[in-house]
Amino acid sequence: GNSGLLVSSVTAFREYQLNKAWVWEHQALTRARFVAGDIAIGEAFDNIRVEVMMQARDADKLKSEVLSMREKMRQAQHPQAGQFDLKHSVGGIIDVEFVVQYLVLLHAPRHPSLTRNIGNIGLLSLMAQLKIIDAELAKNVAAAYREFRHTQHMLKLQGATNLYVEWSTVSMQADAVRFLWLEVFGAENALVR
């Protein structure tokens, strides 16, 4: 970030994550992974990551903070009429990621397997197996996410400067994401296109 330290000790990192970090920082930890460097530091990071995700959380407060952050992000976007931004539009990539992150943070204390870094599609499948979300809905959202990511990669490889596609080409996938959002966050927090 713009205001954080570039480097901190493992002890300081743990202290910050357990006592001072914002929920959005914990959301980011659900996706974080050690990729290079000192193995001992990598193991310490992984242990802290799991410890943070395993913290018991107030469900209402967690929901409120996740929804608030997503709304702030949504307000910063200005989609074009009839177009669907694969990442930012209602029912897009970020909505899938926020649902998965929320569910990991909420349910990891009871289901430690959710702390594994297996990607959003793997986590959706695992959450269906654990009966956290409906299996058919998990399958549909995983397929939508896979399609969104594939299209995103194709657009980037073609040199596209934005990630817009015609709404009609992804409406079924976006609706699947919206249905999962509705199941997880309730009708009062339904996504409106």
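**Close-up A. Contacts of methionine 54 in the predicted model.** Leaving aside neighbours within four places in sequence, methionine 54 is in contact with Ala108, Pro109, Pro112 and Thr115. The model shown here is predicted. Methionine 54 sits in the loop between helix 3 (39–53) and helix 4 (59–75). Its relative accessibility is 28%, so methionine 54 counts as partly exposed. Tryptophan 22 lies 32 residues away along the chain, and the C-alpha atoms of methionine 54 and tryptophan 22 are separated by 15 Å.

**Close-up B. Glutamine 152 in helix 7.** Glutamine 152 belongs to helix 7, which covers residues 135–157. Its relative accessibility is 7%. Glutamine 152 therefore counts as buried, because the limit for that class is under 20%. Residues up to four places away in sequence are not counted here; beyond them, glutamine 152 touches Leu86, Lys87, Ile93 and Leu163.

**Close-up C. Packing of helix 7 with helix 8.** Helix 8 spans residues 167–185, and helix 7 packs with helix 8 at an angle of about 135°. The two axes are 9 Å apart. That angle makes helix 7 oblique to helix 8. The crossing of helix 7 past helix 8 is left-handed. From helix 7, the contact uses Leu137, Asn140, Val141, Ala144, Glu147 and Phe148.

**Close-up D. The aromatic pair of phenylalanine 13 and phenylalanine 45.** The whole structure holds 5 aromatic pairs. In one of them, phenylalanine 13 and phenylalanine 45 form a tilted pair, 5.7 Å centre to centre with 35° between the planes. The pair links distant parts of the chain: phenylalanine 13 is in helix 1 (residues 10–19) and phenylalanine 45 is in helix 3, 32 residues apart. Phenylalanine 13 is partly exposed, with a relative accessible area of 22%. Phenylalanine 45 counts as buried at 17% relative accessibility.

**Close-up E. The aromatic pair of tryptophan 181 and phenylalanine 185.** Tryptophan 181 and phenylalanine 185 form a tilted aromatic pair. The ring centres are 4.5 Å apart, with 55° between the planes. Both residues are in helix 8, 4 residues apart, so about one helical turn separates tryptophan 181 and phenylalanine 185. Tryptophan 181 is buried at 2% relative accessibility. Phenylalanine 185 is buried too, with a relative accessible area of 0%.

**Close-up F. An aromatic cluster.** Phe84, Phe148 and Trp167 form one aromatic cluster.

Technical notes. Residues numbered from 1 in each chain as written. Predicted model: local features only at pLDDT ≥ 70, side-chain atom pairs only at ≥ 80, totals over all residues. Heavy atoms only, no water. Helix = DSSP H or I, 4+ residues; strand = E, 2+ residues; numbered from the N terminus. Buried < 20%, exposed > 50% of the residue type's maximum accessible area, 1.4 Å probe, protein only. Contact = heavy atoms within 4.5 Å. Axes fitted to C-alpha atoms, helices over the stretch in contact; angles between N-to-C directions. Parallel < 35°, antiparallel > 145°, perpendicular 65-115°, else oblique. Left-handed = near helix turned anticlockwise from the far one by under 90°. Phe/Tyr/Trp six-rings, centres within 6.5 Å; stacked < 30°, edge-to-face > 60°.
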